[in-house]
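Student: I have a new structure open and would like to learn how to read it. Could you take me through it step by step?

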Amino acid sequence: MTTLLIATRNAHKVGEIAAILGPGFTCRALLQEFPAAPTPVEDADTFAGNAAKKAASFAQWLRSLETPAAQGSSGERTFVLADDSG
């Protein structure tokens, strides 16, 4: 199963993304599971640029934690999914 950290503090958006992806994904919520996560600066020229910046920032931060909770169940990788819909 693929584990995704949904890089938003919007719980409704996490639920929407989880519903779209379906049961083959474990979606982790930033706000509920990682409330101390940093807030990346969104200064790119486009929505896509900001989304890429957020995903990279949170992935780097998550990797720096090096804890079982950050790594996901069974030591599997956790990927980061971000958007910037304004």
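This is a predicted model: local features need pLDDT of at least 70, side-chain atom pairs count only at pLDDT 80 or more; totals for chains, interfaces and linings use all residues.

**Reading the charged pairs and the fold**

Student: Which side chain does lysine 13 meet in a salt bridge?

Tutor: The general idea comes first: side chains of opposite charge can pair when their charged atoms come close. Here, the side chain of lysine 13 meets that of aspartate 83, at 3.3 Å from N to O. Aspartate 83 is partly exposed, with a relative accessible area of 26%.

Student: How many salt bridges does the count come to?

Tutor: The count comes to three salt bridges. Another of them joins glutamate 33 and arginine 28, whose closest N and O atoms are 2.8 Å apart. Arginine 28 is buried, at 9% relative accessible area, whereas glutamate 33 is partly exposed, at 39%.

Student: And which residue forms a salt bridge with aspartate 43?

Tutor: That is lysine 53, with the closest N and O atoms 2.2 Å apart. Aspartate 43 lies in the loop between helix 2 (30–33) and helix 3 (47–65), and lysine 53 lies in helix 3, so this pair ties together parts that are 10 residues apart in sequence. Lysine 53 is partly exposed, at 32% relative accessibility.

Student: Now for the whole chain. What pattern does it follow along the sequence?

Tutor: The pattern is β-α-β-α-α-α-β, made up of four helices and three strands. Of the contacts with a separation of 6 or more, 56% are between residues 24 or more positions apart.

Student: What share of the residues counts as buried?

Tutor: Of the chain's 86 residues, 33% count as buried. The chain exposes about 5200 Å², and carbon and sulfur atoms supply 59% of that area.

Student: Could we finish with a residue in a strand? Which residues does alanine 29 touch, leaving out those up to four places away in sequence?

Tutor: Alanine 29, in strand 2 (residues 25–29), touches Leu5, Val14 and Phe34. Alanine 29 is buried, with a relative accessible area of 11%. From alanine 29 to alanine 18, 11 residues apart in sequence, the C-alpha to C-alpha distance is 10.0 Å.

Methods. Residues are numbered from 1 along each chain as its sequence is written. Side-chain values use heavy atoms; hydrogens and water are left out. Helices (H or I, at least four residues) and strands (E, at least two) are DSSP runs, numbered from the N terminus. Buried means under 20% relative accessible area, exposed over 50%, partly exposed in between (1.4 Å probe, protein chains only). Contact means heavy atoms within 4.5 Å. Accessible areas come from the Shrake-Rupley method with a 1.4 Å probe; for residues, only the protein chains shown count as cover. A salt bridge is a side-chain nitrogen of Lys or Arg within 4 Å of a carboxyl oxygen of Asp or Glu.
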